Structure formats: C-alpha cells, structure tokens
Amino acid sequence: MKKLEYDVVILGGGAAGMGAVRGALSQKVSVLLIEREASTGGVLNQCIHNGFGVQVFKRELTGPEYHEMYLEKLEGFDAMYETTVLDIDSENGILKAISTDGVYEIKYGALVLATGARERPFEALRIPGSRPSGIFTAGLAQHFVNLENHLPGRKAVIIGSGDIGLIMARRLTLEGVEIEGVYEIMPYQGGLTRNVVQCLKDFNIPLYLSTSVVRVHGRERLKGITVAKFANGKPVDGTERFINCDTLIASVGLISENDLVEKNIEISSDGGAVVDDLMRTNVDNIFAAGNNICIHDLVDFVTVEGEMAGRNAARVAKNEKMAKRIGIFKKGKGIRIISVHYTTASDPFKMYVRVDHPMNVCTLRMNDTNLKTVLNAKPSEMIELTFDPSKHNLKGNLVLSATEVKR
Amino acid sequence: MSEKTIEMTCIVCPIGCNLKVTLDSNGKFLSVTGNRCPRGAAYAKEEVTEPKRILPTSIKVIGGELPLVSVRTEKAIPKKLIFEAMKVIRSSEVKAPVERGQILIKNILSTGVNVIATRTVKARFV
C-alpha cells in the first residue's frame with residue numbers, strides 16, 4: 001500500500017472542492033484533491049446553461065465556463081482523479097483510497113468533505129406499475145444529452161419541478177424532444193421562478209401543480225403514465241389521466257452525499273453534514289461545504305463556502321487555535337432548512353435558510369429579534385442571512401423562524 | 001381601441017417581481033408597475049418589444065476527447081429566432097481542439113451575434 005501525507009485533503013472536485021483547494025492554498029499548505037471522475041468540475045460540466053457566476057465572477061456564465069475560469073485560479077496542488085475513498089479513520093487522521101493504480105493510505109492534517117449530492121431516484125417515489133426502460137433522473141438525462149450526445153427518447157413527461165427538471169424541459173425541447181408537461185405534486189413550483197419563465201413559459205410547456213404520476217405503463221419501453229391530482233399528499237379519485245409518452249424524467253430532489261462519513265460526523269435530520277460558521281463538523285479537523293451540508297440554489301454560494309472550509313481546514317492543519325462553538329441554531333416555525341447549525345462567537349457570517357411554504361411577505365426572526373423581511377419567500381429560493389454573533393445573546397437555543405406578515 | 005395590461009414575472013434577479021405592463025392598442029409598451037428597480041422596467045420593455053435570450057446548447061466535435069462541445073450565443077438573440085438558430089447549430093460541426101471562447105459560428109442568422117465555445121475540448125490522440 002502506497003503512503004502519502006498532506007496538510008489538507010479535499011474529497012470531491014466540484015464547485016465546493018475547488019473552492020476548498022483555493023481556500024487552503026491561500027494558507028500556504030500542501031493540498032491533495034481526490035476526485036472520482038477524470039477531471040474537476042462535478043455537475044458544472046453538464047450544466048451547459050447560463051446563470052452561474054453572477055456573484056463570484058460578476059457576470060453571467062454557463063457551468064463549463066464557471067468551472068474552467070475558476071480552475072485557472074488554482075495552482076500548486078496535487079490531485080488524484082478516478083479515485084474513490086473507501087474509509088476514513090477520523091481518530092488517527094488517515095484515509096484509505098483506491099485509484100487506478102492501487103490502494104493508498106493518506107494521512108491528513110485536516111479534511112474537507114465536498115462530496116455534493118446525488119439525485120433522489122424515481123424508485124424512491126414508490127409508484128405502482130412496471131419498470132420499463134425510458135425512466136431517467138433529470139441529471140442523468142442531462143449527462144446523456146449534454147456530454148454524450150444521446151437523446152433519452154422522443155416524447156417525455158417531467159415529474160417534479162426542481163431546477164434541473166425545468167432546465168431539461170427546455171434543453172430537450174431545443175433538441176427536438178416533445179415535452180408533454182411538467183408535473184409537480186406540491187401546490188407550488190420546486191425551482192426558481194426565472195427557470196419557470198425561461199424554460200417553460202418561453203416554450204409553452206404546461207406546468208401542472210398538485211398533480212403527479214400514479215402509475216407507470218409499458219413492459220420493455222415506457223408506453224405511458226397515469227397522472228392524478230393530489231390533495232394532502234394523496235391522489236384524488238376520478239382525476240386520473242393517461243399520458244402517452246416514451247420517456248419519464250424525474251426531478252424529485254437531491255440528497256446530500258454523506259454515506260462515507262455518517263459514522264464519523266454529526267448528520268442533520270435532512271441528511272446534511274452539520275457544520276458551524278467556520279464550516280467545521282463536530283470533528284475538529286474535518287470540514288464540509290456545498291451540497292453535502294444542504295442543497296444550494298446557486299453555485300456561487302457553494303464556492304464561497306468551499307473557500308472558507310479550505311481556509312479554516314488549513315489553519316487547523318497548521319495547529320492554529322480555532323474558536324469554540326457557542327450558540328446552537330434550531331429550526332423554528334416556517335423554516336425547513338438551515339445551512340449552519342452552530343455559531344462560534346467570532347466574525348459575522350452568512351448562512352442560508354429555506355422557508356417551508358410560500359409567503360408573500362415574511363419576517364425572519366431569531367428568538368425574538370427580527371433579522372430580515374423577505375418578499376415572495378418560497379421554499380425553492382434560499383434566503384441569505386448575515387448573522388453577527390456579537391449582536392445577539394448566544395445562550396440557549398437560537399431558534400430561527402419565519403412568519404407571514406398579513407397586510 | 002384601448003390600452004391593455006399584461007402580467008409577467010421579472011427574471012432579472014431571484015426576487016421575481018410581479019410586473020403589470022400597460023400596452024397601447026398596437027401592443028406598444030407604455031408603462032410598467034410592480035418592479036422594484038430600474039432593471040425590471042428595462043426588462044419589461046424589452047420583453048414586450050423584442051424579447052431576447054442567451055441560447056446555450058452544444059455542437060458536435062470531430063476528433064475530440066468528447067463528442068460535443070458546449071456553446072452559447074455571445075449575447076442574447078431574439079427569442080423568435082431560437083429554433084432557427086438551433087437548426088443552424090445542429091447542422092454544424094467543429095474539429096478538435098476547441099478552446100473556450102473560440103467563435104464557432106459567426107454572426108448567426110445575421111443577428112450580429114457569434115456562437116462561442118463555453119469549454120475546452122482537447123483533440124483525441126489515436
């Protein structure tokens with residue numbers, strides 16, 4: 001077994017991992033990036049649409065441009081591609097990884113988890129009927145169309161209105177696939193409003209809310225699906241409709257990827273790695289950033305988090321003394337997701353929250369203190385909060401809540 | 001003949017203001033309400049006059065490490081030309097290597113807008 005040793009080791013070469021490389025390099029430490037694919041970039045490589053980089057590069061870019069332009073900022077790190085981590089021994093700071101040329105034992109001063117997320121599969125919906133070919137997750141279809149030059153089918157239905165599903169509705173339409181409609185089980189859209197406008201309205205693709213698939217038809221290839229109206233999470237009798245289609249694209253959510261570390265670190269009930277404002281997990285020399293802490297709307301946010309995780313990981317690797325956790329954030333009424341779960345009493349920091357239902361005007365509070373008023377708050381759109389620990393009493397639980405303001 | 005009001009969602013930023021746009025009897029832009037910033041007003045005017053979009057797609061690559069290179073129009077092109085532009089782009093191919101920012105189709109459909117590569121595709125060595 002080959003042995004290596006680095007100050008900072010980063011798992012995952014997507015936006016968060018590249019950010020962590022940059023953050024760590026700024027502290028003049030040795031850096032190793034481990035990536036399972038043959039190159040960096042992660043999902044950016046297949047996200048060929050525009051809308052990236054408005055914050056980090058101050059201009060609107062496509063995913064591949066964002067990836068290459070960011071990569072050009074990174075110099076002086078080692079990388080192992082087509083490499084998978086098998087095990088992390090967090091007590092001794094050693095991980096095992098398998099590459100194309102064998103197994104490696106790698107000692108780290110600090111570790112950054114930047115493993116991103118995976119798509120929730122269609123099977124997770126537990127829909128009755130057969131399982132013919134022609135059923136894809138949106139990201140898989142995106143990979144086929146944008147990187148491999150294959151179309152998934154001729155006539156498609158999209159289940160779920162998350163951003164990748166909306167983007168794929170447009171992408172497949174442009175490539176000549178007929179999109180019968182986008183079906184969303186919730187009474188509101190899953191993705192950003194700008195994507196509903198640019199990807200559906202521009203192409204007259206209907207979006208059916210409170211409607212979803214209840215049956216799959218076909219033996220070898222998908223022949224069609226039955227959809228129905230939903231109320232309170234259950235299909236409404238008598239509202240079923242058959243749709244003839246050969247392709248089903250499922251855009252039904254992303255799941256933070258933490259399988260490798262769930263035995264080492266604290267994981268939230270949403271499946272994300274629990275971090276404090278330094279992006280540190282409950283293990284002092286393990287940090288996490290990006291979609292493996294919670295699902296983000298914008299890659300720009302992920303980059304910034306990654307940079308912070310990398311910088312702080314490098315400081316730990318250099319034996320700098322780091323601030324202790326003092327306050328604990330809790331989700332209160334109206335809040336579904338929080339990106340940061342603990343605060344140290346150091347610098348002001350940014351965190352993100354998602355509300356649990358749409359509100360025209362909502363007030364975000366921490367305990368009894370107003371933090372922000374938000375217009376058009378939707379679960380699909382993250383709200384950025386700047387939190388200054390010096391301005392708050394950090395004793396007890398810091399409960400974040402969102403309440404609708406009635407006008 | 002009378003004025004007409006149409007509703008739209010602004011897509012300039014993630015706030016997504018609900019805009020009410022007033023048009024004259026010929027469909028010409030008169031005024032907009034509901035926008036929280038001047039960019040929203042500009043968007044509304046362009047949207048009812050000559051809506052434009054950046055077109056991101058891909059072009060076939062010959063002899064490359066990948067079968068496709070991702071591309072986009074350098075600037076937004078009229079929305080009504082998108083399908084025609086797709087025809088032109090789909091019937092094109094380029095030889096590897098391709099550099100990011102390289103112009104792959106000049107002045108597509110006489111819009112004055114070029115189609116550029118959005119990534120690098122190296123040549124495949126055989």
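Strand β2 of chain B (residues 18-23) pairs with β3(B) in the antiparallel sense over 4 bridges. Strands, read as DSSP runs of E of at least two residues and numbered from the N terminus, count as paired if DSSP finds at least two bridges between them. The model is a predicted one, in which local features need pLDDT of at least 70, side-chain atom pairs count only at pLDDT 80 or more, and totals for chains, interfaces and linings use all residues. Residues are numbered from 1 along each chain as its sequence is written, chains are lettered from A and ligands numbered from 1 in the order in which they are written, and side-chain values use heavy atoms, with hydrogens and water left out.

An open sheet of 3 strands in chain B has the order β1-β2-β3, with antiparallel pairing. Its edge strands, each pairing on one side only, are β1 (4-9) and β3 (29-33) of chain B.

In chain A, helices α4 (residues 163-174) and α5 (residues 193-200) pack at an angle of about 15 degrees, with their axes 8 Å apart; helices are DSSP runs of H or I of at least four residues. Axes are lines fitted to C-alpha atoms over the stretch in contact, and angles run from 0 to 180 degrees between N-to-C directions. The helices α4(A) and α5(A) are therefore roughly parallel, a term for angles under 35 degrees. Contact, meaning heavy atoms within 4.5 Å, involves residues including Leu166(A) and Ile167(A) of α4(A) and Val196(A) and Leu200(A) of α5(A).

Conventions
Parallel < 35°, antiparallel > 145°, perpendicular 65-115°, else oblique.
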